[in-house]
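These are my notebook entries on a single protein model. I record what I looked up, in the order in which I looked.

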Amino acid sequence: MNTSVLSIQNLVKHYGNIKALDGISYDIPKGSVYGILGPNGSGKTTTLGIVLNVLNQTSGSYLWFGKPDDTTTRKQIGSLLETPNFYHYLSAVDNLKITQAISRRGNKEDIDKVLDIVNLSQRKNSKFSTYSLGMKQRLAIAAALLGNPEVLVFDEPTNGLDPVGIAEIRELIKKLAQNGTTIIMASHLLDEVEKVCTHVAIMKKGTLLTAGSVNEVLVNEDIVEVSSENLIQLADVVKNYTGVLQLKQEQNKLQLYFKIGTSNLTDINNYCFKNGITLNLLTIKRKSLEAKFFELTNN
Ligand code: ATP
């Protein structure tokens with residue numbers, strides 16, 4: 001069974017001499033919140049434009065739900081590439097009626113449903129012009145939700161919002177994901193991807209640096225390095241120390257992996273001493289998400 005919602009295969013896009021995408025491939029699993037992460041100009045919007053069929057690729061292909069793009073699959077995808085042009089003098093309800101008439105997605109009842117999901121029911125009859133930026137963005141998401149699509153595609157969904165607006169959109173994305181919707185979102189914010197996404201593809205200058213689950217890709221742990229005269233004996237002792245997630249040998253030392261912030265050097269030292277071992281090395285290397293991200297993007 002193919003559980004990929006979107007499969008991108010060797011996509012290349014040239015704008016004249018500019019190579020915006022240089023052969024990228026990855027799969028987006030069903031039910032994931034998939035972050036496409038990268039600095040400005042790395043090719044995120046180009047990727048989304050191609051898979052949403054608003055841009056033509058130079059070469060390569062992509063499959064939605066294991067099939068080539070067609071109008072049936074398109075109905076299962078809601079997208080928000082840029083803020084839609086809502087009418088300023090009309091209410092949210094009237095704006096969504098117009099969107100629905102154009103897109104032919106869902107039915108009348110859907111309008112109240114999507115306004116409820118994005119928490120705009122109370123203000124549904126207010127004019128669009130009276131909305132805050134955050135409310136405007138939520139209305140745009142409501143428009144993408146019409147017809148109850150299986151997949152939502154967002155380009156930088158929190159761009160330009162204040163902290164409250166950002167938090168509301170992130171909560172909304174999590175809520176949508178909990179209901180089983182697959183969400184694909186471009187972001188240049190590591191912090192956002194870490195907070196919201198289950199999976200990530202990291203891009204740089206049109207290439208894919210790495211892709212996978214956030215936990216796998218953005219290692220978030222303390223690495224404690226220890227050594228003593230007898231490494232075998234040391235390994236035997238420390239493997240039973242509480243909280244050790246993984247034990248690796250690196251030349252003449254051992255690396256103990258802990259969940260970030262949970263390692264305690266004094267306690268490790270005491271534990272080894274009680275078990276008959278004198279350590280001649282005890283240091284911690286903390287690899288934050290940020291460090292990992294910079295390591296990936298600067299290399
Ligand atoms: P941003 O976050 O700034 O939108 P991005 O990661 O989405 O960046 P893209 O917008 O996909 O990146 O751009 C990738 C590269 O392609 C950049 O070098 C950009 O300048 C170039 N590019 C994008 N659109 C065009 C275009 N219409 N004509 C020429 N070059 C383009």
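**Entry 1. The chain as a whole**

I note at the outset that this model is predicted. I looked up the overall content: the protein chain holds eleven helices and 13 strands. Its C-alpha trace spans about 75 × 45 × 35 Å along the principal axes. Of its 299 residues, 45% count as buried.

I asked how many residues of strand 6 are buried. Five of the five residues, 151-155, are buried, so strand 6 is largely enclosed by the rest of the structure. I then sorted its side chains by direction. V151, V153 and D155 point one way, L152 and F154 point the other way, and all are buried.

Next I looked up the pairing. Strand 5 and strand 6 run parallel and are joined by four bridges. In this pair L80 stands opposite F154 of strand 6. Strand 6 also pairs with strand 7 (residues 182-187), again in the parallel sense, over five bridges. There D155 stands opposite A186 of strand 7.

**Entry 2. Helix 1**

I looked up the burial of helix 1, residues 44-51. Seven of its eight residues are buried, and the helix is mostly covered. The buried residues are K44, T46, T47, L48, G49, I50 and V51. Just after helix 1, N53 takes a positive phi of about 65 degrees.

**Entry 3. D112 in helix 4**

D112 lies in helix 4, which covers residues 108-117. Is D112 buried or partly exposed? Its relative accessibility is 41%, so D112 counts as partly exposed.

K205 is not a glycine, yet its phi is positive, about 45 degrees. K205 lies in the loop between strand 8 and strand 9. These strands, residues 199-204 and 207-213, pair in the antiparallel sense over six bridges. Within the pair, I202 stands opposite T210 of strand 9. The hairpin they form has two residues between the strands. Why does K205 count as exposed? Its relative accessibility is 67%, and the cut-off for exposed is over 50%, so K205 falls in that class.

Q251 is a second case, with a positive phi near 50 degrees in a residue other than glycine. Q251 is found in the loop between strand 11 (246-250) and strand 12 (253-259). At 70% relative accessibility, Q251 counts as exposed.

**Entry 4. Cysteines**

How many disulfides does a search of the whole structure find? The search returned zero disulfides. The cut-off behind both assignments is under 20% relative accessible area.

**Entry 5. The largest pocket**

I recorded the volume of the largest pocket as about 710 Å³. Its lining is made up of 26 residues. Which of these lie nearest its centre? They are S79, P84, T99, S103 and R105.

I then assigned the lining to elements. Helix 2 (71-75), strand 5 (77-80), helix 3 (92-103) and helix 5 (133-145) each supply at least two lining residues. Helix 3 gives the largest share, five residues. Strand 5, one of these contributors, is the strand that runs parallel to strand 6 in Entry 2.

Conventions. Residues are numbered from 1 along each chain as its sequence is written. This is a predicted model: local features need pLDDT of at least 70, side-chain atom pairs count only at pLDDT 80 or more; totals for chains, interfaces and linings use all residues. Side-chain values use heavy atoms; hydrogens and water are left out. On a 1 Å grid over the protein atoms alone, a cavity is a set of points where a 1.4 Å probe fits but cannot get out, and a pocket is an open set with protein on both sides within 12 Å along at least five of seven lines; lining residues have an atom within 4 Å of a point. Grid points are joined across faces, edges and corners, and a volume is the space filled by probe spheres set on the points. A disulfide is a pair of cysteine sulfur atoms within 2.5 Å. Buried means under 20% relative accessible area, exposed over 50%, partly exposed in between (1.4 Å probe, protein chains only). Two strands pair if DSSP finds at least two bridges between them.
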